[in-house]
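Open the model in your viewer and keep the selection panel at hand. Each stop below says what to select, then what is there.

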Amino acid sequence: MSEGYEFSPNPRDVGFKILSRRTLLASAAGIAGVGLLAACGDDNNASSNTAAPGTAAPAGTAAPAGTSAPAATDAAAATDAAAATGDAVSVGVYEATGKNQEAFVAGLDATGVPYKGNFVDHNSFQDNITAYLQQPDDVFTWFSGYRMRFFADKGLTGDISDVWADLPDFSDSFKAASTGNDGKQYLVPTSYYPWAVHYRKSLFEEKGYTIPTTKDELMTLAQKMKDDGLIPFAYANDGKWPVQGTFDILNLRLNGYQFHVDLLAGKEDWTSDKVKNVFSTWTSLLPFHQENPNGRTWQEAATALENKEAGMFFLGTFVAQNSTDQTYLDDLDFFNYPEFDTAIGATALDAPIDGFMMAASPKNADGAKALLAGIGSAKYIDAYLAVNPASVPANSKADTSTFNKIQTKSAELVGSAKNVSQFLDRDTSPDFVSNVIGDAFANFHADPTQIDSILSDIEAQKSTYLG
């Protein structure tokens, strides 16, 4: 791997300079977004390979949901190129139901490029991505970070450097985050989102709780919630991805960013005292979390937060997708995960980048690149946000005038971070996560007394996937 792209980008290099609402709304050029997509494993519980009902319409004509819309002025040339092929661009999207799918459809429609959507539930898409890439759609949703570079290195995704030559509305840092180890671009980013501790303001006011900033304060608050008959932390691990976020934040808080990314890159030992300390700390926190998380979806856990059965929930900001109750959404807020070690602080967090990639050999290469150019325009993300308005876009020209408090606060949180990681299942080999980490973390939650054997097994299998 080249030195420049081995790890997730530091926010100082991703253009995060937003420190207040005033600066946020005054200069969209400073924004490197936070996305709402449940990209680290949003399990919508839909069956895989669910195709969109519509078919692509000719450029410049009205189209039903799930198909192309009239060509946008700034995408006219690209649309003509796509239309010249005579074929709609096939698009694989890892959202199969609800508002997420509707938002993707709206965004894709806004590009004006004829397409046919193949909407698949998120977990199935992630779990079967290697097989999928043997016969992929022309364009498909995916992530920045190790996972993007991994498939680019394997020759399973297409070079879109020529598309990037005409994408003026992304910072150089977003370009870096979309660049493979060979220096070529493989991703058009759409959004960026943080993981944080979510809570209901009214519950905190009612109970007199205060936001914790240290480990001791967090433990005191958790015990007080438990004494009050609440579950301190809603918790889930259906799909074997949600608890990866908890591991990430504990490792970042206890061992720091560099150790964290080095561990995921295979450069540190999973049986080291540092990692064992993460798991022993995790074990001490489990009594404050919902029991038996392995069979619980994040949506079920989010419902416990909404119903005030749980006081907090550490998850991505996509947690807001679980409800349409505006009273609840107005009440929802979040805070940064507290500091555990004064020498390390609380300035690192997970904030993944989502976007679209191209197949290595698309059936409609011209159309695929035209669609990606459209996705890289502000029209795509503005249309997406009009349907699902809880994300902050990566595109610097996107409309920020309607940002809600979660969007604004998300950008401020990521803007104040010193280091940003992409989430465990993006910062290491996807096969390592699928075949080792997911099961190991599930086994830990089934029996936390087996830490030593679980970590020994991870370390023994690491070289198979990370070299």
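**Whole chain.** Of the 467 residues of the protein, 60% count as buried. Buried means under 20% relative accessible area, exposed means over 50%, and partly exposed lies in between, with a 1.4 Å probe and protein chains only. The model is predicted, so local features need pLDDT of at least 70 and side-chain atom pairs count only at pLDDT 80 or more, while totals for chains, interfaces and linings use all residues. Residues are numbered from 1 along each chain as its sequence is written, and side-chain values use heavy atoms, with hydrogens and water left out.

Show the surface. The accessible surface comes to about 16,800 Å², of which 48% belongs to carbon and sulfur atoms. These areas come from the Shrake-Rupley method with a 1.4 Å probe; for residues, only the protein chains shown count as cover.

Switch to cartoon. The protein has 20 helices and 12 strands. Helices (H or I, at least four residues) and strands (E, at least two) are DSSP runs, numbered from the N terminus. Among contacts in the protein with a separation of 6 or more, 78% join residues 24 or more positions apart. Contact means heavy atoms within 4.5 Å.

**Colour by confidence.** pLDDT is the predictor's confidence in each residue, from 0 to 100. The protein averages 82, and 81% of the residues score at least 70. Now select residues 1-85: the pLDDT there is below 50, and beyond near neighbours in sequence this stretch has 263 contacts in the model. Where pLDDT is low, the predicted coordinates should not be read in detail.

**The sheet.** Select E6, E7, E8 and E9. In what order do the four strands lie? The order is E7-E8-E6-E9, in an open sheet with mixed pairing. Two strands pair if DSSP finds at least two bridges between them. E7 and strand E9 (332-335) stand at the edges with a single partner strand each, so one side of each has no neighbour in the sheet. From one strand to the next, the twist averages 30°. Axes are lines fitted to C-alpha atoms, for helices over the stretch in contact, and angles run from 0 to 180 degrees between N-to-C directions.

Zoom in on strand E8 (residues 310-316). Seven of its seven residues are buried. On one side, four bridges join E8 to strand E6 (residues 195-200), and the two run antiparallel. Find Val197 there; Val197 stands opposite Phe314 in E8. Three bridges join E8 to strand E7 (residues 231-234), and this pair runs parallel. Here Phe233 stands opposite Met312 in E8.

Select Lys308, in the loop between helix H14 (298-306) and E8. Lys308 has a positive phi of about 60° although it is not a glycine. Lys308 is partly exposed, at 27% relative accessible area.

Move to Lys240, in the loop between E7 and H11. Its phi is also positive, near 65°. With a relative accessible area of 37%, Lys240 is partly exposed.

**Helix H12.** Select residues 257-264. Seven of the eight residues of H12 are buried, so the helix is largely enclosed by the rest of the structure. The buried ones are Tyr257, Phe259, His260, Val261, Asp262, Leu263 and Leu264. They pack against helix H11 (242-255), helix H13 (273-285), strand E10 (348-350), strand E12 (419-421) and helix H20 (451-466). Gly266 follows H12, with a positive phi near 90°.

Select Trp270. Leaving out residues up to four places away in sequence, Trp270 touches a set that includes Leu263, Leu264, Phe441 and Ile458. In the largest nonpolar core, of 129 residues, Trp270, Trp282, Phe441 and Ile458 touch the most other members. Helix H19 (residues 430-446) gives the most to this core, with seven residues. A nonpolar core is a set of buried Ala, Val, Leu, Ile, Met, Phe, Trp, Tyr and Cys residues joined through side-chain atoms within 4.5 Å.

**Last stop.** Select Gly295, in the loop between H13 and H14. Is Gly295 buried or exposed? At 61% relative accessibility, Gly295 counts as exposed. Gly295 touches Asp238 and Glu300, not counting residues up to four places away in sequence. Then draw a distance to Ala442: the two C-alpha atoms are separated by 9.7 Å, though the residues are 147 apart along the chain.
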